Structure formats: C-alpha cells, structure tokens
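This report describes how the parts of one protein model are arranged. The sequence and the structure are shown first, and the account follows.

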Amino acid sequence: MTSTVLVKVVGFSDVERHSLNTLFRLSGREGPYYTLWTPDAAGPAQVALIDVDSYEAGLELVSPSFNPNLKMICVGAEAPTLAWRTVQRPVDWAAMVGLLDELFVSAADVDIDISQEDPPASPLPPGVKLALLAGLPLDARLYLRARLALAGITAVDEVQTVAQLDDSVRARQYDLVLVHVNDDAVDPWVLVKHLQDLEKPVRSVAGVSANSSWKTANLAERMGCIGLLEIPFNPLQVIGLLQKV
C-alpha cells in the first residue's frame, strides 16, 4: 500500500516549483506518494525542502514555529548545520526523489531516525559545543534551537525538572545552559549558583524570562550569567548572547 508523505516546501523559483509539482504528481507509482504540506493539512510535515538562498528560508529558520527536529533537504550554498542533506544548483530532481526515498522507502532498513525525538546522549566529537535548555516552554525551545543551530551549536539537550537538570549537568559538560527564570517555587538563581559550583562547572549560563526587568537583568549579571534573554525574543539580543559562548 502506497504511503503519503507530506513535504514542506520553502522558497524556490516558479520553474523549480513546477519541477517539484511534477515530481509529486509522478510519485507513488513504485514508492511513497509525496505531496505538498499546507498549514491546513491533516498532519504535520514529515520532511522539508528548503531553498536556503531565498528570503522565505531566512524567515522560516528563525520562526518560533520552526521544528528543528524535522529532516531538512536544503538547496543552496549556505545550508544550516542541522540540514540532513544539502544539494547545489542546478538541482537534479531525480536525485532529489532518491533522497526522499532514503527516508521513506523501507524505513526499517535505513539507519536514519526519522522520529521527532532527540537521539540518546552520546559522546561528542572534539570541538562540538553542547547546550542545555532547562525548564523552557515549547515555543521558546523551538526558537532557541533554531538560533543555536545558526550559531553552530547543533547538539542541544532539554530538561524540565530540577532533578533532570542535575543529572544532565553531572553526566555531560555543557558549553551553555539556558535556565527559565519564572515565578515557580524553585529559585532559578539557586540553580545558576549550583551550575557554577559543580566540580566541572558549566562554561556559560544565561537566563530566559518573560517578566524581565532592569533589576532581574542586574541580578543575572551579578550571579555570573552571560546575559538574560527576554520573551518574546529580540533576535539581536539572542545573537549577541550566543556570540559570547
């Protein structure tokens, strides 16, 4: 039975879009049926084709709704590091079908995890930076993952509880931990101090708050944070902070 695969398409010229539409119409004969994903589709997109040279791609990659775990096939010269595959122009559309088939034909035999879950923690190669998002809401996590990736930090863990945070920082050496500063019972500044007092302290800690003020920002600085990010995010503020990591 032919399966249907929803493909999110971002950017591309009219001629390239025509080629993509032809590709979709011809699919399904011997493998999956590829069809264009739209916001009113019955389910989420399963893969994205992104023209990284387009204006639309720039907006997509920094959008709070962007899903960094979605497999991306990028077309263009400067693809983000989280791209699954990158191809250059002129595009070989038959080869593009082959890339899609790598993901969706006999998926059980392909050594690629196409789920939306993060892979298990494993040792990182030398020089690869690692970040941890602690206690952040979903939309903030998605936005920051995209920004971290654009800054070259693609290895990102997430935790929601203090116990998980403690286990993670004892198991792995993080270059950056972003802590949600909110009104919960746990004092976030106690967590910041704890991260700095570890046998192998976190290299950089920053706060993230929807209720920031001059007093909060000043306290964050005095506690040794490299900064305090405000929700909704200011892209220039986020870029400036990540340049310190």
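Helices and strands are here DSSP runs, a helix having at least four residues and a strand at least two, and they are numbered from the N terminus. By that definition, alanine 146 has its place in helix H4. The model is a predicted one.

**Overall composition**

The protein contains 8 helices and 10 strands. Of its 245 residues, 43% are buried. Where contacts join residues at least 6 apart in sequence, 66% of them link residues at least 24 apart.

**The five-stranded sheet**

An open sheet is formed by 5 strands in the order E2-E1-E3-E4-E5, with parallel pairing. Strand E2 (33–36) and strand E5 (85–87) are at the edges and have a single partner strand each, so one side of each is left without a neighbour in the sheet. From one strand to the next, the twist averages 25°.

Strand E1 (residues 4–10) pairs with E2 in the parallel sense over 4 bridges. Valine 5 has tyrosine 34, in E2, as its bridge partner. E3 and E4 also run parallel and are joined by 4 bridges; here leucine 49 has isoleucine 73, in E4, as its bridge partner.

In a regular strand, side chains alternate between the two faces of the sheet. Strand E4 is covered on both faces: Met72 and Cys74 are buried on one side, and Ile73 and Val75 are buried on the other.

Helix H2 (residues 55–62) lies across E1, E3 and strand E4 (72–75) and runs at about 110° to E1.

Within H1, the residues Glu16, Leu20, Leu23 and Phe24 are buried. These residues cover an arc of only 95° around the axis, which puts them on the same side of H1. An α-helix has 3.6 residues a turn, so residues three or four places apart point the same way. The cover over the buried residues of H1 includes E1, E2, E3 and helix H3 (93–104). On the face turned away from the buried side, H1 carries the exposed residues Asp14, Val15, His18 and Arg25.

Glutamate 16, which lies in helix H1, deserves a separate description. Is glutamate 16 buried or exposed? Its relative accessible area is 14%; because buried means under 20%, glutamate 16 counts as buried. The side chain of glutamate 16 reaches the backbone nitrogen of serine 13 at 3.0 Å. Apart from neighbours within four places in sequence, glutamate 16 is in contact with Arg89 and Trp93.

**Helix H4 and its surroundings**

Helix H4 (residues 138–150) has 13 residues and reaches 19 Å from its first C-alpha to its last, close to the 18 Å expected at 1.5 Å a residue. H4 is mostly covered, with 10 of its 13 residues buried. Among them are the arginines Arg141, Arg145 and Arg147, as well as Leu142, Leu144 and Leu148. Just after H4, glycine 152 takes a positive phi of about 90°.

Alanine 146 is one of the buried residues of H4. Which residues does alanine 146 contact, leaving aside its neighbours within four places in sequence? They are Leu61 and Phe66.

Alanine 131 lies in strand E6 (residues 130–134). Leaving aside neighbours within four places in sequence, alanine 131 is in contact with Leu148, Ile153, Ala155, Val156, Asp157, Tyr174 and Leu176.

| Item | Property | Value |
|---|---|---|
| Glutamate 16 | Relative accessible area | 14% |
| Alanine 131 | Relative accessibility | 0% |
| Alanine 146 | Relative accessible area | 2% |
| Alanine 131 and leucine 148, 17 residues apart along the chain | C-alpha to C-alpha | 8.3 Å |
| Alanine 146 and phenylalanine 66, 80 residues apart in sequence | C-alpha to C-alpha | 7.3 Å |

How values were computed. Residues are numbered from 1 along each chain as its sequence is written. This is a predicted model: local features need pLDDT of at least 70, side-chain atom pairs count only at pLDDT 80 or more; totals for chains, interfaces and linings use all residues. Side-chain values use heavy atoms; hydrogens and water are left out. Two strands pair if DSSP finds at least two bridges between them. Axes are lines fitted to C-alpha atoms, for helices over the stretch in contact, and angles run from 0 to 180 degrees between N-to-C directions. Contact means heavy atoms within 4.5 Å. Buried means under 20% relative accessible area, exposed over 50%, partly exposed in between (1.4 Å probe, protein chains only). A polar contact is a pair of N or O atoms within 3.5 Å; within protein, one must be able to donate a hydrogen and the other to accept it, and residues adjacent in sequence count only if both atoms are side-chain atoms. The arc is that of the directions from the helix axis to the C-beta atoms. The expected span of a helix is 1.5 Å times one less than its number of residues.
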